[in-house]
Structure formats: C-alpha cells, structure tokens
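User: I would like to learn how to read a few computed features of a model. Please take them one at a time, with the general idea before the case.

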Amino acid sequence: MMRAAIWAVVLAAAAAVPWLATPTVIQFGINALFLAALAQAWNIIGGYTGYPSFGNSVFYGLGSYGTAVAMVQFDWPFPVGLALGALIAVAFAVLLGLPVLRLRGHYFAIATLGLALVMTAIVSNLPIAGSNIGLVLPLHRGDALFYELALGLLAAATFTVAWIGKSRFGYALIAIREDEDAAGSIGVNTTLYKVAAFALAGFFSALVGGIHAYWITFIDPESSFDITINVKMIIMAVFGGPGSVLGPIVGALLLSGISEVLASEISTLAALFFGIVIVVAVVLMPRGLAHVARWFPAVGWRYFGANIRANKL
Amino acid sequence: MALFGQVLVNGILLGGLYALMALGLALVWGVLNIVNLAHGAFIMLGAYVAFYLFTLLHLDPILALPVAMAVLFALGYGVQRGILGLIIRGPMFNTLLITFGLDVVFTYLAQIAFSADFRTLNPGYAGANVLVAGVTLPLVNILAGGIAVALTVAVWLMLGYSRLGRAIRAASQNLTAARLYGVEPRSVYALTFGLGAGLAGAAGDLYGLVSQINPYIGATLTAKCFVISIIGGLDSALGVIAGGGILGIVEALTTLYIGPTYRDVVSFGLLVVVLIVRPSGLLGRTT
C-alpha cells in the first residue's frame, strides 16, 4: 500500500512537469520518456527472455509508418492510426518471430539485424509510404499532450514489466533465458512464450513510434528504421540492468541526460561518449546499475575488479 | 548479352573483394566466438591508412597494402589484449555490445581526425580499363578482386598448414585440450583477432581503390560481411570466397534486372532466409 502511494506521487510529479518546466526541458523530457519506454519494451524480449533483439527498431518503424500512412493517405484520426501501427507490428512480430525465434545467440541477433535492414529497404520502395522521401503528418501543436502520452506509455510498459516479473508468464521467460532446453523439458511451451514476449515488446515499441511520428510530423525510412534507435534501447536497458523493472528507466533517463548536456557542447562528442560508455560499462558492470546498487554497498570497489576476474580470458 | 557478361564479371570481381572483407570476420567469429560489429570500422580505418599514405607519401595503394595490414593487426592485437580479453568469458551478448561500442568510438574518432568528407584513392591507373574477351573491365577492380582472392587463399593455407594456423584451429575446436598441448590462449586469441583486423585493413586498402570512403562506411560493410559469412559458413576460407562471389553476383544482377533500390532488399533478405533455413551456412557443414 505504501509503495503504491509512493509510485502515485512520483507519477503525479512527473505528470506535472509540462506546467512547471521550460519548453526545452519538456522536449528533452518527451525524448527521454520515449527512449525509456523503448528500453522497457526491449527489456521484455532482451532482458527477461534473453533474446538480444536488433529488430525492435522495426516495430518502432512500423508503428511510425502505420500511424503516418493512416493519417496522411486515408485521413484517419490519430488514435486509429496508432492502433493500426501497433496491429501491424504485432502481426509482424508473430509472423516473423515464429521462424526467427528458433535461432539462438549470435544467429538470432544477426537475423533480426538483417530484418531491420530489409525493412528499411522495402519501405523505401513503397509508394504508399512515400518511398524514400517520407511522409509529412498533420501538425498538432502542444508538447504537453505528447509529454503526457509518452509518460502514460512508459507507465503502462513498466506496469506490464512489473506484472511479468511476478507472473507465471515471467517465470517462463526467465526459465527460457537461463536454459531453454531445460525449460522446454519441464513443459514450458517455449515457442508460445517467446513469440508472446516478442509481440509484447513490438506492441509497446510501435506505440512509441506512432506517437513520435505525430509529434515530429515528418518521417522517412532512414530515421524511422534507424538501427541506432535499437542500439540505444539495448545500451539503456543493459546499462540500467536488464531483467529488472526499474533498471531500463534509470539507464534511459541517466544516459539521455548526460548525452543532452554533451550534445549542447559538441554533437560528435555525445556520440563518442555513447561508445565509450558501452565499452566501460560492459567491462566494469556487465549486469547493469541494478546489480551494482545491490552489491556495491557490501563489496565496495572490489565489485568492479571481481567482474573483470570472472570474465577475463 | 554483352551487358550481362559485363555485369556478371564485375560482380565476380567485387565478390573477391567482399570475400577478403568477410574473411577476418568469419575467422574471429569461428575461432573466438566473437561477432565483431567493429569489423567494418577496421575496414574503414584500413582505407584511411592507404589514403593518407597515398596523399602524403605518394605510396601506391598496392604497395601500401602490407602497411595497412600491419597497422590494423597492431590495433586488433591491442583491442583483444586490452579490452575484449577482459570480458570474453562473460555472456555472449556482452561481446556484441562492446564491439558495437568500439565501432562507435572508431567511427567518431575517425570523423574528428579525418573529417566527414568523401575521399577517393586516385593512383595514375585509376581510370584504366582492360578489354578481356569482349568485356571491358576497370583495372582497379581486377587488381582488387585478384589480390583479395590471392590473400584469402594464402590465409586459408596458413590456417591449414602452419604452426600458428594449427594452434588457432585447435583453440577453436577445444580450448582446454589445446591448452594442455601448450597453446597459450591469450596470445593465440590476440594473434587471431589481430589477423582478422589485419585482413580488414587489407580489404579497406583495396576498397578505397574501387569506391569512395568516409568514416561511416563501416556499418554497411559489417552487414555485408554477415551476409557473406552466413552464406559461406564459418568453416573454411573457400566457403567465404564462394559467399563473397554469390553476394557480388546477386547484387550486380539485382541492380541490372530489378533496380538499384532493391539491392539491399535482396541481399539482406538472402541473409534472413539462409539463417532461417540453414543457420550453419548455405555451404557450411551441418552440426
């Protein structure tokens, strides 16, 4: 009960930001919330299920394009477009998840990377999606609305992940991550659970893509299916702590903040910083901030040395 | 029909270069079980080594090839010893992530050091053509394709018959057993990764001859290397040569008959289909 009250206060405080902050802060907040929601969605398939997907940017792109095509080509309202985008992404996750989720490890990662590249190229050739020029969406002013939408989406994704962590569904996903063959042999329907996790991740990623498209009002294949978005999701989730409920959010907000400060100085430096963070984080804290927070107080600085000793050749 | 022959031969020559690009990636993947997402960045750096040797010292790119190889070998050796060696027994996902981080670092350091401008390597013979059996071929493509295939075969022989080659193959088959027979894993791993990076450097040198370069070419080239390694399998250099040839021909024919905008659809589609149908590679051994 106490915890629920604390979360309600945190959420209310976050929701009040558009009435208190400057436009720059609100725009930073929208971007950070989008990335946090994407990282949280990636957490379902990558963190809990242990499948390192590079194809989540495809869901994001399909959500963007589903929304944009519905609004531009058919004059449908935004909520209908958003639903269409999410539907396409879930259908894609189920249809392609069935064959691709049979692959494991590196092979799964590369297959999803291949899918992302194929989808970019296919959408660039579709006239209804504006080919490689892209689409311009109707303008909707008011960053407050988009901020609240992004916050609501992040909250929904986080509640879903919190539920997953405590449910039979989540235990099945964790069992698959730890040992898929063992999970299968004790009666977990691994295919069903993997595809469900993939589709759930696709659902939330597509909603982010759709809302982002309406906010930014212009989309093209290069930016909508950009693999860098996928890599950001992974970095943020892994930096914060994959397979934990709050890790991806903390990782996303922290890295977005640092990156924003650096980008205001020199943009190249911000990109370089991301690369260095990945390298250092993987070497020193391969299990993310959530794991550091649990062990550092007890073990101290030796925590980082122990990580290297455990994994070096 | 003449056009078809022209396109086909060009595809095969490009395929030779692709094979050299992918060989280092396949070697490191097969032996160290590291999927090196920074491989394309190594190719890019090799191209810049050749570019600066040519622009500043007027060294011919063909003569600069050993230098590019040596520089990238040293870089690869250092990266394996100093960074990748620290995490190699961790989860497989961490090696993917860290090599991606290295790719970003190399790309943006290159942008700061070399600027984002497109560069070309233009030795005196850059525009020369050779007429073979009614087919006109750019001399640089023949040179790049020929040298690439020769290097690939040389590496294959080295892996098969030299002491180091046997140590590398032993380490890839069973590290514990190899250790018992006196193979020092740290040095073999670093040498293998260095060799992979050195091959990327050589490929970059030749790539600079046939195409424009800038700091961002790495990611696309890494993706192409995946396609080739997946088609050819990770077992042998000959598989990689065949994989490179197949990709070169498929790209050339798609560009000719379907249109250049569909080239990536076909080549990356091939990657996904081969992975789903035969994950050990179209030509690889099934396990």
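User: What percentage of the 287 residues in chain B do buried residues make up?

Analyst: A residue is buried if 20 or more other C-beta atoms lie within 10 Å of its own, exposed if 12 or fewer, and partly exposed in between, with C-beta atoms placed from the backbone. On that count, 56% of the 287 residues in chain B are buried. In chain A, 51% of the 313 residues count as buried. This is a predicted model: local features need pLDDT of at least 70, side-chain atom pairs count only at pLDDT 80 or more, and totals for chains, interfaces and linings use all residues. Residues are numbered from 1 along each chain as its sequence is written, while chains are lettered from A and ligands numbered from 1 in the order in which they are written.

User: Is B:Leu53 buried or exposed?

Analyst: B:Leu53 has 21 other C-beta atoms within 10 Å, so it is buried. It is found in helix H2 (residues 39-57) of chain B; helices (H or I, at least four residues) and strands (E, at least two) are DSSP runs, numbered from the N terminus.

User: Which residues does B:Leu53 touch, not counting residues up to four places away in sequence?

Analyst: Two residues are in contact if their C-beta atoms, placed from the backbone, lie within 7 Å. With residues up to four places away in sequence left out, B:Leu53 touches B:Leu59, B:Ala64 and B:Val67.

User: How many residues of chain A are in contact with chain B?

Analyst: The size of an interface is often given as the accessible area lost when the parts come together. Counted by contacts instead, 36 residues of chain A meet 40 residues of chain B. On the chain A side, H6(A) gives the most, with 12 residues. The residues of that side divide into 27 nonpolar, 8 polar and 1 charged. Ala, Val, Leu, Ile, Met, Phe, Trp, Tyr, Cys and Pro count as nonpolar, Asp, Glu, Lys and Arg as charged, and the others, Gly among them, as polar.
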